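Let's walk through this structure together, from charged pairs to a sheet and its neighbours. Have the sequence at hand as you read.

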Amino acid sequence: MSTRPNFLPERETREWQDLDNKHYLHPFTTHKEIRENSARIIERAEDIYVYTHDGEKLLDGMAGLWCCNLGYSRPEIVDAVHQQLQYLPFYNNFFQCAHTTVIEASHRIINDVAPDHITDVFFTGSGSEANDTNIRIVRRYWDVQGQSQRKYIISRDNAYHGSTIAATSLGGIADMKKQVDGMGNVEHIMPPYHFELSEHGESEEAFGERAAQALEDKILALGPENVAAFIGEPIMGAGGVKIPPANYWKLIEKICRKYNILLILDEVITGFGRLGHWFACDYYGIKPDLITFAKAVTNGFQQLGGVLVSDRVSKVLNSDSQEFTHGYTYSGHPAACAAALATIGVFERDNVLDYVRNEIGPYFTERLSELKGHPLVGEVRTIGMLGAIEIVKDKASKTRFPGEVNAGVIIRDCFINEGVIMRAVGQTMVAAPPLVITKSQVDELIEKARAGLDKAASKLI
Ligand code: PMP
């Protein structure tokens with residue numbers, strides 16, 4: 001067990017909660033509620049478990065925030081960051097300058113991780129910043145080619161692309177958009193969410209065609225010559241692990257090609273192994289023009305994100321004789337790049353992608369699917385190491401609980417009381433455990449989730 005850092009004083013849990021309530025504004029939190037109720041204080045983590053300050057051990061079914069794909073105990077990454085901070089703790093990469101660690105990280109990501117048609121990488125500090133960067137790259141791409149009228153970016157309802165103003169504008173989550181006067185020129189189409197949006201008896205395949213057709217319809221309505229790009233998460237994550245029908249992405253790619261618009265895949269969640277491939281585009285066999293990545297690139301240990309740029313786009317950007325007036329102080333931070341290099345090293349050494357594809361992914365699917373029989377469960381979806389459990393009041397009609405019941409929150413809290421963390425997205429419970437979870441830990445996750453569902457059922461039904 002690791003020791004408490006010497007800069008952290010010893011305090012009672014209550015004291016930490018009181019201090020938290022005094023000064024700290026939490027992200028994605030109802031401030032009034034937390035001020036009244038106090039936060040759960042996390043103290044430390046090990047393997048795939050996090051420990052609260054008052055000693056609860058929780059199996060982390062969300063890999064932190066979809067990012068600690070290799071779990072929490074990774075001395076290789078810690079050591080790389082430590083070495084880097086002693087050698088070159090910071091330098092920027094602006095103005096004709098580059099440090100050796102960012103060069104090595106670019107080289108490894110392009111040659112050993114990214115799909116073959118990807119030639120360049122731009123680093124950021126987060127997924128949101130990376131999507132802002134996408135907007136800048138897309139704009140430059142069309143400007144350089146004299147097609148500045150191509151301003152529209154098409155996205156999908158319920159998409160999550162981050163929380164900066166630009167990323168929120170790309171996104172489609174209604175509660176976020178209510179609080180932001182976003183950018184213009186973003187249009188949204190329906191998401192490929194069969195469980196709620198399919199018509200009576202509509203097959204997955206027919207629904208996939210209809211959801212993809214929504215893109216073509218929107219392009220034609222806007223005028224193809226005015227559309228710059230389409231952006232989508234391969235699997236919608238924060239919107240509730242919505243797995244599209246198998247035909248969807250190939251159809252979307254075909255439509256983008258037909259009208260010559262750029263295809264941006266936001267792989268912040270799916271990148272770095274979630275589906276048993278480095279990227280979901282490898283899983284689906286498609287070639288996006290731009291790929292957003294973040295989170296698991298450093299196993300969540302350092303803040304790093306970025307955009308992978310295809311040959312088609314890099315040819316244009318690299319022919320631009322004007323300065324690309326975009327970059328962040330921490331674009332390619334040495335410690336973050338060191339963490340990325342160590343993370344890639346562990347993936348390769350331990351054959352993590354094979355493990356997901358051939359062993360733990362199929363086992364996770366098999367075990368999570370068993371929850372389908374539970375009275376509260378309307379559907380279970382899985383792909384790779386992503387899972388969703390749809391909660392319903394009535395299985396046959398797929399009727400949900402009334403919103404004011406807060407069924408998702410009740411279930412999430414019941415899960416935590418049983419010792420497992422999953423996230424509630426409305427009335428969908430989602431899971432994204434570390435990829436290195438063992439079969440017996442999957443068993444533990446399922447048993448705890450089942451016990452949580454039973455407890456919740458006694459409150460809800
Ligand atoms: N895109 C997707 C698909 C995401 O899931 C997230 C974060 N959950 C982001 C972008 C934003 O990343 P960050 O929080 O690092 O800004």
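Which side chain meets that of Asp 350 in a salt bridge? The partner is Arg 74, with 3.9 Å from N to O; a salt bridge here is a side-chain nitrogen of Lys or Arg within 4 Å of a carboxyl oxygen of Asp or Glu. Before going on, please note that this is a predicted model, in which local features need pLDDT of at least 70 and side-chain atom pairs count only at pLDDT 80 or more, while totals for chains, interfaces and linings use all residues. Residues are numbered from 1 along each chain as its sequence is written, and side-chain values use heavy atoms, with hydrogens and water left out.

Helices (H or I, at least four residues) and strands (E, at least two) are DSSP runs, numbered from the N terminus. Asp 350 counts as partly exposed because its relative accessibility is 36%, whereas Arg 74, at 12%, counts as buried. The cut-offs are under 20% relative accessible area for buried, over 50% for exposed, and partly exposed in between (1.4 Å probe, protein chains only).

A search of the whole structure finds 32 salt bridges, so let's visit others. Glu 216 and Lys 258 meet at 2.8 Å, N to O. The former sits in helix H10 (residues 204-222) and the latter in helix H11 (residues 248-258), 42 residues apart. Glu 216 is buried at 11% relative accessibility, but Lys 258 is exposed at 56%. Arg 367 and Glu 447 also form a salt bridge, their closest N and O atoms being 2.9 Å apart. This one links helix H15 to helix H17 (residues 439-460), across 80 residues of chain. Arg 367 is buried, with a relative accessible area of 10%, and Glu 447 is partly exposed at 38%. Salt bridges that share partners also join Glu 196, Glu 379, Arg 381, Glu 390 and Arg 400 into one network.

Two strands pair if DSSP finds at least two bridges between them; E11 and E12 (residues 386-391) have six, in the antiparallel sense. Glu 379 stands opposite Glu 390 in E12.

Finally, look at Ala 388 in strand E12. Ala 388 is buried, with a relative accessible area of 1%. Leaving aside neighbours within four places in sequence, its contacts (heavy atoms within 4.5 Å) include Gly 240, Leu 368, Glu 379 and Thr 428. The C-alpha atoms of Ala 388 and Thr 428 are separated by 6.4 Å, although 40 residues apart along the chain.
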